[in-house]
Number of protein chains: 2
Amino acid sequence: MEENEDANQENHVAPSRATRFRNLSSISHASNEDLNAIITITSNEDSGLILSSSVRRRVQISKEKIQTGSLNVLSAKYESLDYDPCENYLFLDEERKKGYKFIVQKNIARWFVFLLIGMVTALIACVIDISIEELSTIKYAALSKSVDKYVTQGKLYVPYMLWIFSNVVPVLIGSILVAYLEPIAAGSGIPQVKCYLNGVKIPRVVRIRTLFVKSVGVICSVVGGLAGGKEGPMIHSGAVVAAGLSQGKSTTFNKDFKIFQYFRDDHEKRDFVSGGAAAGVSAAFGAPVGGVLFSLEEGTSFWNQGLTWRTFFASVISTFTLNIVLSAYHGVPGNLNYPGLLNLGKFESFSYRIFELPIFVLMGAVGGLFGALWNHINYKITVFRMRYVQRKWLKVVEACIVAAVSATVGFLMMFTINDCKPLGLDPTKYPTQLYCDDGKYNVLASIWFQTPEASVRSLFHDPPNTHNALSLASFVVVYFFLAAWTFGLASSNGLFIPTLLTGAAWGRLVSIGMFYIFPDSLVHPGKYALIGAAAQLGGVVRMTISLTVIIMETTGNITFALPLILTLIAAKWTGDFFNEGIYDTLIQLSGVPLLPWEPPPLAHNIYASEVMSHPVVTLQCVENVGHIVELLKLSSYNGFPVVDPPLTDQTEITTYGRIRGLILKWQLIIILKNKIFNETCDDWDNITASKFRDEYPRYPTIDEISISDEEKTYFVDLRPFMNPSPFTILHSASLPRMFTLFRALGLRHLPIVNDTNEVIGMVTRKDLARYRVWKHRGRMGVEELLISKEI
Amino acid sequence: MEENEDANQENHVAPSRATRFRNLSSISHASNEDLNAIITITSNEDSGLILSSSVRRRVQISKEKIQTGSLNVLSAKYESLDYDPCENYLFLDEERKKGYKFIVQKNIARWFVFLLIGMVTALIACVIDISIEELSTIKYAALSKSVDKYVTQGKLYVPYMLWIFSNVVPVLIGSILVAYLEPIAAGSGIPQVKCYLNGVKIPRVVRIRTLFVKSVGVICSVVGGLAGGKEGPMIHSGAVVAAGLSQGKSTTFNKDFKIFQYFRDDHEKRDFVSGGAAAGVSAAFGAPVGGVLFSLEEGTSFWNQGLTWRTFFASVISTFTLNIVLSAYHGVPGNLNYPGLLNLGKFESFSYRIFELPIFVLMGAVGGLFGALWNHINYKITVFRMRYVQRKWLKVVEACIVAAVSATVGFLMMFTINDCKPLGLDPTKYPTQLYCDDGKYNVLASIWFQTPEASVRSLFHDPPNTHNALSLASFVVVYFFLAAWTFGLASSNGLFIPTLLTGAAWGRLVSIGMFYIFPDSLVHPGKYALIGAAAQLGGVVRMTISLTVIIMETTGNITFALPLILTLIAAKWTGDFFNEGIYDTLIQLSGVPLLPWEPPPLAHNIYASEVMSHPVVTLQCVENVGHIVELLKLSSYNGFPVVDPPLTDQTEITTYGRIRGLILKWQLIIILKNKIFNETCDDWDNITASKFRDEYPRYPTIDEISISDEEKTYFVDLRPFMNPSPFTILHSASLPRMFTLFRALGLRHLPIVNDTNEVIGMVTRKDLARYRVWKHRGRMGVEELLISKEI
């Protein structure tokens, strides 16, 4: 994966940042009249590549060589969320007028919304689960019957065709929905939710349409027999539900319920989404604590006790609602034994000996290896897809091919490997006889003729000797590659279940091996299946705490923490030696500027003055309307420092203005749209914070606003609307300091000031995300990624 | 609790902050020669009270009226930890020289230390547990035998005396240790650990002597029959273990192992302590996940994934080690059924019906009420103690009285209430017959003649009808007050167990009531005991997530999340209506400037210029040694902004200097001690970051350093040592913005700058902690606390 940069390292040395700095600072001496020119130049600069040369390792690829599928390029198209609240005049005014009652009311509404999120997420999960259950039952019952009917007649092609048909049709529907209606609904959705929680605005990720396509799509793909699960999509669904409910309006249906208006900003919405993701995990796995930890581990940077408590509440409500509905559906209302979609069965009598711990660690390492290999294969396939499978119909065709291949390999396996066991020992739902003697059934058919989730349950709980080594081994190999091919198709499905299934199969294989070596020892195959499953999953996703807790909660076994944690640590460390977790790989492929948890090490000698973008386009406190309009039309920036005019005294001439505040693009748009100009606006009482919230989250573009030529001569006072005290940092601050400030406070813009508080640059998320750790053959350092507008 | 301020509100209006500002800013125009005078004035100011008048609600108490036991005064004596790393020249130099290998090595060492922390914490827990177990067995076996021997002779005063004796002697030993050797070891230690993790330096809280006194003290107090538990002290012990192990040296034993030197700063140490506290929780309750959540909920402000992961590791290691040792001690090595000290037994077959949920909520509310009452009683007792029980011998006497009273009420109860049950049903260890018929035993004797922890277990798991209503009711009343009196004595004991015991008793009472009302329903008394215990504990401590998880893990019942969380929410909300949790009350009483999770609401109109302390004592980049010495001798500040000299051009005269960096008191001390002066120092290679770390954590005072008169004329260049890019904020920033910055980044000093980046003030933890929410009869606002040097 590192060849790209290595090969291109010598190719094309771009002008260094320092040179650019000199060039541009000479430009920035230009007067106000020349501002348009500057902006044009800047835009040109950014539309290409920002390259850099310094003593550190650089990623240098000439412009022509950039193509999709690089791990080392950040896309310029992603914007950030505004997590930092803007305490402008309107905000203070609202707070003063509404007082403490408003705060109490908002707080109660917040709890109520979290309650709703938990309930609605669970209900959606129930619909998905019941649909899959019902449809799969029909499908696999028919298949099993058909096999046993036609095997005697030697017409096995009939059930084979039936299988292919019943796989391809649902997958076709699902993939058409995904490819044509909402491509963002493809895959598990976890990487997208992770990016959103990290503060990156992923377009359309939390919209109702996405939820619809995701829900229908996941039913289609699981019923269609793809090697995928419904858990990842559930997490995404929870996030969408949270974003939708908390806003009290739907842009899709053009309906505003006029409630929860005060939650209409990025800060509040992101908090709700983090609760929704947790509720999704909770519904998917019946793991309320795991849900909270997931949303902390994947999303939150700043630990907020109140938010965490509400998230926990939503999680518990979610698992509870699901439990009530599913237990009623299964005919035991009030029994409350269905806490989550993923029901792996309880491990009641479960214990381990100390000598087993090293074995578990070893299995963890193997899981890490397998996981790294799986990730690499999936990465290569994804890159191939990004480059060559771009047309929508091609994506649909690919999904259908995979569906057909899944049926084919399954059929071949049960046809060629004759693993027969007597009936009755294993609680198989549809025992298929195939070539077995009477009173026996084909074990492989029973693995294939059920949903992957049920197969995991079988591997965990089937009594010893249910499966023989050959069938397990071939199943592992086949499913490993099938899952790697499936994940990333134009269909909504996650990777938890197929990964668990692969791991459980080789875990069970290990238990068979153990039994050969130590025939006396009481090796519980289900235990090894569990450890194998955890190891494989840990090797693929590299999550740690939340995964441990999720597995503990799903299996109901809290005493099994130590083996699990040892396995997961071993898997993570082994896997990390080779590559990154699959979610991070996918995020890097899409060029999202995700901020990691910590700044890269050894970066204390990189300073703000190097990192920042400059020159900065600034505005004055009272600014000409025409200037603002042109600025918005020409530049792609989202935040503008508001500054005093540069000093032009006799004694001191400054080129930069002293910072007064920070105003965002959308605020300017609202000002222009409502024509809040000094010359025309006389109804100041009417200009409230809610006017600015009404348009959230989709603001008009500057082209949609008509400003007359006369209005362009007007002036607007930006001071009541700007953020009057943005966090700033000195040009001499180091990268880790900027990073910490940015990450901890969830900033979007960080103006860089010089010694006299004049704005000389601006740091945004991309400027920080560009610096990344690299490790290669025992060396470690910092690399600078490219930023491109082309991917 | 609010009479104090209300009564004094009119009394004595001190000069407003604004007036002070005018007075002092005139002083700050003084030249450098007058600096000493300024410092003296400033010190005088601070030694009294800082009062304030504004439109907000103020706490105004005249100086004479301040006394210990007020909830509205912050003590000036607490300092903060330096959580923000200082990226000075030495730091960069070290990083450059040591490179990535150093980072890897440090990282491995970090994991290793967390491993050690988990193991040592568990071993200490084992020693405590086994000692208590053995000593209690001897004691209660003797008592039970003695009662049954002398009751027939009518000489019940003999066992009574024996009981008093066996209570008072251990308590006497424990309280002498606490009162005379290490008073900080009193109580549970949780409030102190919480303050430490919040960033407040609590003297001696993580020292070896504290650990010793705590460990021996907790054995004494539990064996002495006090209504206290060993769980809180375990958490404190874990914290001390972590702080000790991570430093690789012991000041107490004057031994430096020359390892882990790179962990010798507040930042690293605090991280380790947070892991140690989690390991303590894990050992105490067998709750590794709960441990992590506890240390997050109580301590961390900035979610750091790596740290959390290591914390989890330490927690799991801790419960695992404990498990191995205790299972070996109990004669079943390798069985691993002893995950924690608190063994409440497993609830295997445990389910609830939906109609029970409202009952649980109601029980939660009752728990909140009881908890609030308990807290109020304990608060009143604590205030009384702070005012009148100040002498050491008085404290010892009080502890002994409580020990004697505990024995007396227990004796009276079993003597007067004749609750007899047939032998054999209840697994009582020492059935005491007392006045019962043959073949029966006295239930109250069996509750009293065991450790409180065993009593909780009995109440959870004893079969129905073991206890009658009268004995439970009287037990609840007695134990409620006894526990409130006990907590806060000069002895090491926590409140978890007595609170759980009280709650379990009234929970069981509820189940008896339920049985009378719905005789048909299958009311499991143990379940109600658990809910009652959770409600009572939630009402007292008001912890939420971590407590839920701890109870789930301790009882091994993960499906019981919803009832627990509903109960705990109800308890917290009910309790919060009346007062704060007991830990927060104790922290407020001691005047520790704890920073809450969020800034007070409605405080956006309070600005930095109002909040900051000023004038600020600043240093210049190259500073006179004599000046530094005098400054350190006269002022009590811990951080000094390093500034450029004020401009005295013809055109511009500034009174303040432009900020260049921030230097801490201890750094100045090290510079003076090592005589790193421009005139004398020619061996710059010798001055490394490790020289500054060697003295950590106890630096010499300025009086211990001799500086000759000649040296006082020398100069020192502070630039290589200062933090060159401290976080600063504009004078116009609001209180919530400052608060967020301070809290998220764990700052100690926040210099306030004016528009041209000149330092005009300084904000420290106390300045922010002073602003607090108040709620009273449906109104809400912000109050300003006093800061006093007298408490």
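**Close-ups of a predicted two-chain model**

View 1. The axes of H10 (residues 288-298) and H11 (residues 305-329) of chain B come within 8 Å and cross at roughly 140 degrees; axes here are lines fitted to C-alpha atoms over the stretch in contact, with angles from 0 to 180 degrees between N-to-C directions. Helices are DSSP runs (H or I, at least four residues), and strands are E runs of at least two. On the H10(B) side, Pro288(B), Gly291(B), Val292(B) and Ser295(B) do the touching, with contact meaning C-beta atoms, placed from the backbone, within 7 Å. Their partners in H11(B) include Phe312(B) and Val316(B).

This is a predicted model: local features need pLDDT of at least 70 and side-chain atom pairs 80 or more, while totals for chains, interfaces and linings use all residues. Residues count from 1 along each chain as written, with chains lettered from A and ligands numbered from 1 in written order.

**View 2. Three strands of chain A form an open sheet with mixed pairing, in the order S14-S15-S16**. S14 (729-730) and S16 (759-764) sit at the edges with a single partner strand each, so one side of each has no neighbour in the sheet. S14(A) pairs with S15 (residues 749-753) in the parallel sense over 2 bridges; pairing takes at least two DSSP bridges. Look for Ile729(A) opposite Ile752(A) in S15(A).

**View 3. Chains A and B meet through the same surface, since 98% of the interface residues of chain A are also interface residues in chain B**.

Key: Contact = placed C-beta atoms within 7 Å.
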